[in-house]
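This report is meant to be read beside the sequence and the structure, and it moves from the fold of one chain to the arrangement of the other.

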Amino acid sequence: MKALTANRLADGEAVFWNQGQWVPRFKDAQLFEDAAVAETTEGEAKSQQTVVVDPYLIDVIQSEGLWAPLSFRERIRALGPSNHPQHGKQALGGDDIAALQHAHGAARSTGRVNLIKRK
Amino acid sequence: MYRYDNIDKAFVADRTAEFREQVERRLAGEITEDQFKPIRLLNGLYLQLHAYMLRIAIPYGTLNAAKLRKLAWIAKTYDQGYGHFTTRTNLQLHWIKLRDAPQILEHLAEVEMHSMQTSGNTIRNVTADPYAGATADELDDPRVWAEAIRQWSTLHPEFSFLPRKFKIAVTAAAKDRAATKIYDIGLAMRRGRNGELGFEVMVGGGLGRTPYLGSTIREFLPTRHLLSYLEAILRVYNRYGRRDNIWKARIKVLVASLGAEEFGRQVEAEWAKADHERTDLPDTELARIRAEFTPQFETLSPRSEALERAKAGDAAFARFLRHNVHPHKAPGYALVDVSLKTPGLTPGDITSEQMNVVADLAERFSLDELRVNYNQNLILPHVKLDDVPAVHAALAAAGLATPNMDLISDIIACPGLDYCALANARAIPIAQHIAERFADPVRAEQVGELKIKISGCINACGHHHVGHIGILGVDKKGEEFYQLTLGGSGEEDASLGQMLGPALPADKVTDAIEQMVEVYLRERKDGERFLDTFRRTGVTPFKEAVYADAH
């Protein structure tokens, strides 16, 4: 299962693709079961140059019955910095945030599709 | 404090206006991200995990109250109300919006600041001894020369597209508080046989993936030839530095591959054919710069009865004096460290409210000056001994008086994976955990000088190679692990740390530090620092303690 993420151009916020829109919370991200559909959508996202910067696919896993990014790095993007819990998306709280906080998995090198191929 | 002249003001204003237009064109889709990225980086604007990060240049780490108040206001207005001081003595704001960046640069220009030279393959913001102009052990104020380098290097057309970034540090004291041996060029002032002042010129230092200590290519360069000699070094580097491989592009790789002697020979040949008069600073300009760095000290008694009385009745204040207050060249004055290392908080972070407190103290008690130290703390450089009790009280009320300078909880940590797009692992939580374990000031004082430096990736912004204990975050099979090194130093006794053993998981790092501290306390002789004991015993007893369970 995959999700599509990027940073919003105007403010740099981490955002996630959902049916042609970019949403700030991971729980609202569209999940792609079909890798080919995910890659086609990634191509579409890359054409939105005045909306987002550097869209890419990430692997997601189940955590506490909800979905979470596999990569630790991506979970930090979806939450905010661990040294300032009052900053970033984590400040909003909720079950989805708790699921991300409790998720276990990889650190940076995995979970970001095609990371090695990128410059 | 150097004040901008009309030339400085005009080019900063031009640059700010240019960037405003570039941002508008990017937002309108007239230029692509690939075209825009190098432009924003040349203005210190990075895109990180949560937002844009603006790195603001603080030339040779010197600030005044007006500048720090402006930084506080910008952090509160455009960011989350705090900033992060770095090992390059710059300030990073981690929650910046692209659309606000041009406005922020305009506000910075109002107080003679900018964010140029904090990114890109240029000569970066120059750093200097943070005790400059206040310490008795210096031959000259190194900021005079650092400011000359700033003026010469900013937007230098020949050196704006170097093979890789380029960093210069200057000191004029025997004690190296500017880490000159880990810089692309380190300049250490020396006095020649005839009394003339000159620089020992070191090149090719640097950390990162391939760490090197700088090599001396000239024992004594008369100060008047500084700029022409720097130009010769940069020309040789610009011509032969590798542009085909980012990991081999720094000058350290060129110096290592040619050998320092051959590199030095090429620099001398380049310098010999240059027109020195064209590049070197005229005496009149040097005098103009020097006049900006001449604070007027009062004639005071070297002993303060007020301070002695306060010390006698207050153990916490006495401890603060032992660790955070240092001798000044002028009788009756002291340098006072402002600790940004409260155990449990983020190393180098300071809130807008705290910035305003420090700005007020600088204005009232330190001749309107303050400094940023590369160890991510601040310094009030010119405090009268009589005023130290009041300064301590104000700092303590603001949470800025932890008496831990150079002690185990005075940890350098880069932002790491909590913010940085390059990081492999977090650095801040590791620093927080270690500092909390050693938060007891009595215990920290018993352990004594111990410099822990943490980086979240091999780029080594946290200087882990030169920590007495260095900690490097790595990604090991998808988990955050930490590689420990021992015996590094970034000072006049510079050395690169030695690997302890296999990397440790995050929850074992603090225990390992504590085990190594126990070994040190057991083994140390005659007031040795941790570093001295390590150099005497070697790595074996430390390794045995940390990996005992594994055997």
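This is a predicted model: local features need pLDDT of at least 70, side-chain atom pairs count only at pLDDT 80 or more; totals for chains, interfaces and linings use all residues.

**Chain A and its sheet**

The secondary structure of chain A consists of three helices and five strands, and these elements follow one another along the sequence in the pattern β-β-β-α-β-β-α-α. Of the 119 residues in chain A, 47% are buried. Among the contacts in chain A with a separation of 6 or more, 58% are between residues 24 or more positions apart.

The five strands of the sheet in chain A lie in the order E3-E2-E1-E4-E5, and this sheet is open, with antiparallel pairing. Its edges are formed by strand E3 (21-23) and strand E5 (66-69) of chain A, each of which pairs on one side only. On average, and with direction ignored, neighbouring strands of this sheet are turned by 45° against each other. Helix H2 of chain A packs on the sheet, where it touches E2, strand E4 (52-63) and E5 of chain A, and the direction of H2(A) makes about 110° with that of E5(A).

At one side of the sheet, strand E2 (residues 14-18) of chain A runs antiparallel to E3(A) and is joined to it by three bridges. Within this pairing, Trp17(A) has Trp22(A) in E3(A) as its bridge partner.

**The contact between chains A and B**

The contact between the chains takes 25 residues from chain A and 27 residues from chain B. On the side of chain A that touches chain B, helix H2 (residues 72-79) of chain A gives the most, with four residues. By class, this side of chain A has nine nonpolar, 11 polar and five charged residues.

**Chain B: domains and a helix pair**

Chain B is divided into domain 1 (6-110), domain 2 (134-291), domain 3 (305-397) and domain 4 (412-550). The centres of domain 1 and domain 2 of chain B, taken over C-alpha atoms, are separated by 27 Å. Four residues of domain 1 of chain B are in contact with five residues of domain 2 of chain B, and the side belonging to domain 1 has three nonpolar, one polar and no charged residues.

Helix H1 (residues 6-27) and helix H4 (residues 101-110) of chain B have axes that come within 9 Å and cross at roughly 170°. Because an angle over 145 degrees counts as roughly antiparallel, H1(B) is roughly antiparallel to H4(B). The residues of H1(B) that meet H4(B) include Val12(B), Phe19(B) and Arg20(B), and among those they meet in H4(B) are Leu105(B) and Glu106(B). Taken together, the residues of this contact of H1(B) with H4(B) divide into eight nonpolar, one polar and two charged.

Most residues other than glycine have a negative phi.

| Residue | Phi | Loop of chain B |
|---|---|---|
| Asp406(B) | about 65° | between helix H14 (388-397) and strand E16 (412-413) |
| His463(B) | about 60° | between strand E17 (452-455) and strand E18 (469-476) |

Asp406(B), with 16 C-beta neighbours inside 10 Å, counts as partly exposed.

Methods
Residues are numbered from 1 along each chain as its sequence is written. Chains are lettered from A and ligands numbered from 1 in the order in which they are written. Two residues are in contact if their C-beta atoms, placed from the backbone, lie within 7 Å. Helices (H or I, at least four residues) and strands (E, at least two) are DSSP runs, numbered from the N terminus. Ala, Val, Leu, Ile, Met, Phe, Trp, Tyr, Cys and Pro count as nonpolar, Asp, Glu, Lys and Arg as charged, and the others, Gly among them, as polar. Two strands pair if DSSP finds at least two bridges between them. Axes are lines fitted to C-alpha atoms, for helices over the stretch in contact, and angles run from 0 to 180 degrees between N-to-C directions. Domain bounds come from an automatic or database domain assignment. A residue is buried if 20 or more other C-beta atoms lie within 10 Å of its own, exposed if 12 or fewer, and partly exposed in between; C-beta atoms are placed from the backbone. Angles under 35 degrees count as roughly parallel, over 145 as roughly antiparallel, 65 to 115 as roughly perpendicular and the rest as oblique.
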